[in-house]
Amino acid sequence: MTTQTPGSVLPPAYEPASVESRVYEMWESAGHFQPRIDLDREPYTIVMPPPNVTGELHLGHGLEDAITDVLVRWHRMQGDPTLWLPGEDHAGIATQNVIEKELAKEGRTRHELGREAFVERTWMWVRKYRSRIADQHRKLGASADWTRDVFTLDPGIVKAVRTTFVNLYNHGLIYKGLRMINWCPRCETALSDLEVDYLDVQSKLYYVRYPVMGEGGMPLPAYVTVATTRPETIVADTGVAVNPGDERYEERIGRQLLLPIIGRDIPIVTDEHVKPEFGTGAVKVTPGHDPNDWEIGQRHDLPVIIAIDPKGNMNDEAGPYSGMSAEDARVAILRDLEDEGFLDHAEDYTHSVGHCSRCKTVLQPLPSEQWWMAVNKEYEPGHSLAGDAIAAVTEGRIAIVPQRFEKVYLNWMENIRDWCISRQLWWGHQIPVWYCENRHMVCQVEDPDVCPECGGALTQDEDVLDTWFSSGLAPHADLGWPDDTEDLRYFYPTSDMQMGYDIMFFWCARMIMFGLYNMRERGPEGAVPFRNVLFHGLIRDANGEKMTKSRGNVVDPLIVASTYGADAFRFAVLTGATLGADQKYSDERMAAARNFANKLWNSARFVLMKVGPREIKRPHYLDRDLLAVEDRWIMSRLEQLTNDADSLLKAYQLGECARQIEDFLRGEFCDWYIEMVKPRLLAGDERPLQVLVHVLDHGLRLLHPFMPFVTEELWQALRPQIDDDMPSQLIVAWFPKSGANWKDAAAEQAMEHVIEVNRTIRNIRAEKKLEASARPRVVARADGYAGALRETLGATNFTSRVELEVVDGAAALPAGEWGFGRVADTEVAVALPEVDTAAERARLEKELAEASAHMERLDKQLGNETFRAKAPTHVIQGMEGTLAETRDRVAGLRERLGTL
Ligand SMILES: [Zn+2]
Ligand SMILES: [Zn+2]
């Protein structure tokens, strides 16, 4: 029978593909992702920003998984009941667009399919993609509790959405109203202000003459000229407005104008909001098709005419142009204006136009009956949704990290307007409102059978809610609200929340408003959805460009993780930027992180081979005096790192924490400590084994949250060799805490010096081009540090390949050639190889003969008057310079020959 040593169990190189899925499966099947509710302990809870069911995880999700998983594993390893609650979002408009595109490929539309079949088809898609998304998170190592996975259309969330809607409605915070909205004619739905992209568009500004009407209904030979970018809306004009201070129009105020082509009379009104410097200072007012005109119309009681329908076609109000598309109508109207002499002129004009953020279609502003959420209205004295959300942050009940984003949040919240929550889609939470034939309206959580007032049949409001209405409920709804569940009682408020700063308003702001409102019975402290919200930056491509499908520069995190290992991916994105700042993706960073994992693997493998079948006791701090100075140094450094890691993680400085752990493990532990103890191990000294095992154990624990797979795999091999009562998996092993027992300032100072001396020796070796195989003699003349240098003499000899002698500062150096360096009180002298004098003399004499001959030639030529008269000045000057240099060289060579 052969005994297998642990080191030989590990393959010679780390291969992520053969480790990751096995290790993940081991954790998940052991139930480590599911917290145990322990009322004596404060839980740690974090909700996953639910990715859209429409597709694959992108780099941003990968970064979020890395950030969250570090926090989650760190808390879990401290024994906190830790819940990472995963979910997926039904993503109303985005998903509906995807399915519509699929249908288009088959030559069909959703209207041909019908609502029920369309929704069923979308569910089929969801069932396929949901599990795919969960598997992608698993591949990145996300230790989320998949038994609690939530989809935003689950029955529990439906109940939460309806309950919220009904409560807000009963409080008068949800209302139906005719307002100007952003209408996408392609998606055929209203959009919130946040879903509008403003893009600069090159177009024309048309100057159109509106005749002034005199007494008796006859036009005068006078005009008011207005400028417009949208002549097709002229058919819906109900007034012309000028600024009250604009003297140009003083005489016209109160008069009627004749609407060209249409022939309707419209009034001239004055409005403070008209800018005299725009166009001619007179603007046409089209309340049905422009949000600003809507406001002007409201102030002056102008009628609203809607001439363009929701599909972007002219309706009956457009008279002769009805039935045309808006684009065709524009051409026809411009032609008619020109023919009848109303078109004054046109000029090029660049202005910003709202586009649908989903499909890039130019939006139509339309007054439309929509559902709104009143964010500034008081629902109880002193309480509005926005006001509460501001107070939670200014009163410090919710902390925003990094703090500079607090101003952005508050500024938005202070200027927030009512939120349009209805969407004319089929995929989503249908609004819980029903109507009967007698125009009675029912708003309730459960589907009603008949109208409670007249007993008539009911039909449900066709609209669905904005996707962010349901995801905004995530923290409490995902935990079971409105039911009083054990999860809700224990895990709410959640601890941390993290997201890209780009969805601060969409999501963070709404979670805060909804959480504070729905959970208000818990009081101000207990109602907040989370205690801290972290905003991370975006990952851009190597050139700093945003990654988009259209640019073709998107990097797939799953491909990166399978190339370099999930650990390397996580480590590289975490150390790529400080929280809140954007970073650039680079393959070099991924490769560097993979090298770190490999280096750790090789070092751990070395330690395990040295340990062999032994069971190792940890070094005890009472035995400190028995340890060598390098042992006490690495133990002290580990303790410092443990301390720093704790404070950095508490401050959410995850990247800096990862960098410090890497510096310690890669530099101090692998490069120095392991190398330095090799001669002691060879000599049979077993004390370093205790230290090696202890530092490796703690190092793996500290690194585990950042690089979970490689650390778990190595720890599995190490654990049987440690004489401790420990859990069987690193994922639940205790995260190191500093007990300050091993702090040893003297050892740190001494070893810093020893390391610097070694660096100096290596520099001299390199400068003097010593052979790699050479073992030169080195004399270190030192006073205070002599003891440390003597104690580590064997280590220095081994790692820097020298024969070191430590002498006191007054000692003289033996004869010979030396290369010198100095570190603090220590003079370092490295013996250089002896020189062959005879050969060197021959070489120098040959060089001298050549230089002398060259000097004579130059001297002779420059002494030739004919040459001097013919040659250009710069040639003469050049030769004179060369002559001077050659003279110096000849003198130098003679001097060196004299010293041989
Ligand atoms: Zn659209
Ligand atoms: Zn009724």
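Between which two strands is the loop that holds Arg 439 found? In this predicted model, Arg 439 lies in the loop between strand S20 (433–436) and strand S21 (441–443). The relative accessible area of Arg 439 is 78%, so the residue is exposed, the cut-off being over 50%. Arg 439 and Leu 458 are 19 residues apart along the chain, and their C-alpha atoms are separated by 9.8 Å.

Strand S1 comprises residues 44–47. Tyr 44 and Ile 46 point one way from S1, Thr 45 and Val 47 point the other way, and all are buried. In a regular strand, side chains alternate between the two faces of the sheet. S1 runs parallel to strand S2 (residues 82–85), to which four bridges join it. Within this pair, Ile 46 stands opposite Trp 84 of S2. Together with helix H3 (residues 59–77), S1 and S2 make a right-handed β-α-β unit.

Distant parts of the chain are linked by the pair Cys 184 and Cys 359, 175 residues apart. Cys 184 belongs to strand S5 (residues 174–184), whereas Cys 359 is in the loop between strand S13 (343–356) and strand S14 (364–373). Cys 184 counts as buried because its relative accessibility is 0%, while Cys 359, with a relative accessible area of 24%, is partly exposed.

Note on methods. Residues numbered from 1 in each chain as written. Chains lettered and ligands numbered in written order. Predicted model: local features only at pLDDT ≥ 70, side-chain atom pairs only at ≥ 80, totals over all residues. Heavy atoms only, no water. Buried < 20%, exposed > 50% of the residue type's maximum accessible area, 1.4 Å probe, protein only. Pairing = 2+ DSSP bridges. Right-handed = clockwise from strand over helix to strand, strands pointing away.
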